[in-house]
Amino acid sequence: MADLDGKVALVTGGTGGIGRGVALALAGRGAHVVINGRSAEKAAAAIAEIEALGAKAVFAPGDVRDKADMEAAVETAVQTFGGLDIVVPNAGGSDDEARSPEVRGPFPGIDLEQVAGFVGRALLGKLRVVQAAIPALRQRGGGSVVFVTSEGGRVPTPGQTGISAFSAGLIQVSKLLSRELAPEKIRVNCVCVTLVRNSPSWEAAFEREGAVSEHHRKQYQRVIQRSPLGVAAPADIGNVVAFLASSDADYLTGAVLSPTGGLTLH
């Protein structure tokens, strides 16, 4: 498939996990990709995979919460590939904080000031790149924004006060932006995920001792047991994002999709 030929995508957190799966899926459909992240070494490996697919890619380092960094990432797209058509705010910038017992755990024991701070920082990490990208999308006569966030914003999950507040808020903002930007032919959709293999959350739960609480780990084990179609890999999420970014979804905006393998139904 090459329906994204000539399109340029910016993927935050594109050096690994879900973001890497998204970048590869977009490249597989013909898009050139600007990969944002923190590790030049991981970016180089992702870029090599993209180039093996016949697409082009470039690394734009930076913090998703930093205005200048996100403006620079957009400028990298414009200067390298001539414009920007697709924006995928995938990185949140607060993964370790989201897993800390002060933020994630039974409500009576969490630190509400820290939870409130996390929610604000996580939202900033998703929205900063979109605000930076709007002028470039306007210059192309439109485009596509696809947020990647947590299914916890759609399904109440005990112990996830912070994730629920952040992700539910982002889902609502995605709908608001879909209306606000529709006159400019900028579509805005949202993909909500649960546990994904080969992602930072998977590694924290099953490959790093003490990175999550035992309660948190048991929740993930139940996800594995209860997912009728199995646990997704980054490529599975990437394919959904690539569909929403493509002309196949030209009439979709304000949509919220949950590729959770049948674990949740809406």
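**Group meeting: a walk through the model**

Okay, let's start just past helix H1, where Gly30 has a positive phi of about 105°. Keep in mind that this is a predicted model.

Now back up into H1 itself, residues 17–28. With 12 residues at 1.5 Å each, you'd expect a span of 16 Å, and the end C-alpha atoms sit 17 Å apart, so the two agree. How many of the 12 residues of H1 are buried? Nine, so the helix is largely enclosed by the rest of the structure. Those nine are Gly17, Ile18, Gly19, Gly21, Val22, Ala23, Ala25, Leu26 and Ala27.

In soluble globular proteins, nonpolar side chains tend to end up buried together. Here, the largest nonpolar core has 40 residues, and the members touching the most other members are Leu84, Phe118, Val145 and Phe147. Who's contributing? At least two residues each come from strand S1 (8–11), helix H3 (67–81), helix H5 (112–139), strand S5 (143–150), helix H6 (161–181) and strand S6 (186–193). H5 gives the most, with 11 residues.

Let me zoom in on Leu84. Leaving out residues up to four places away in sequence, Leu84 touches Val8, Ala9 and Leu10, then Val74 and Ala77, and also Ala133, Ala136, Leu137 and Arg140. Apart from this core there's another one, with 32 residues, including Ala27, Ala55, Val146 and Leu244.

On to the second largest pocket, at about 370 Å³. Its lining has 21 residues, and nearest the centre are Gly143, Ser144, Lys185, Arg187 and Asp250. S5 and S6 each put at least two residues into that lining. And what's the lining made of, by class? Seven nonpolar, seven polar and seven charged residues.

Is Lys185 buried or exposed? Exposed: its relative accessible area is 60%, and the cut-off for exposed is over 50%. Its backbone is worth a glance too, with phi near 65°, a positive value in a residue other than glycine. Most residues other than glycine have a negative phi.

You'll find Asn198 in the loop between S6 and helix H7 (200–206).

That's my tour, so over to you.

Technical notes: Residues numbered from 1 in each chain as written. Predicted model: local features only at pLDDT ≥ 70, side-chain atom pairs only at ≥ 80, totals over all residues. Heavy atoms only, no water. Helix = DSSP H or I, 4+ residues; strand = E, 2+ residues; numbered from the N terminus. Expected span 1.5 Å × (residues − 1). Buried < 20%, exposed > 50% of the residue type's maximum accessible area, 1.4 Å probe, protein only. Core = buried A, V, L, I, M, F, W, Y, C linked by side-chain atoms within 4.5 Å. Contact = heavy atoms within 4.5 Å. 1 Å grid on protein atoms, 1.4 Å probe; cavity = no way out; pocket = protein on both sides within 12 Å on 5 of 7 lines; lining within 4 Å. Points joined across faces, edges and corners; volume = space filled by probe spheres on them. Nonpolar A, V, L, I, M, F, W, Y, C, P; charged D, E, K, R; others polar.
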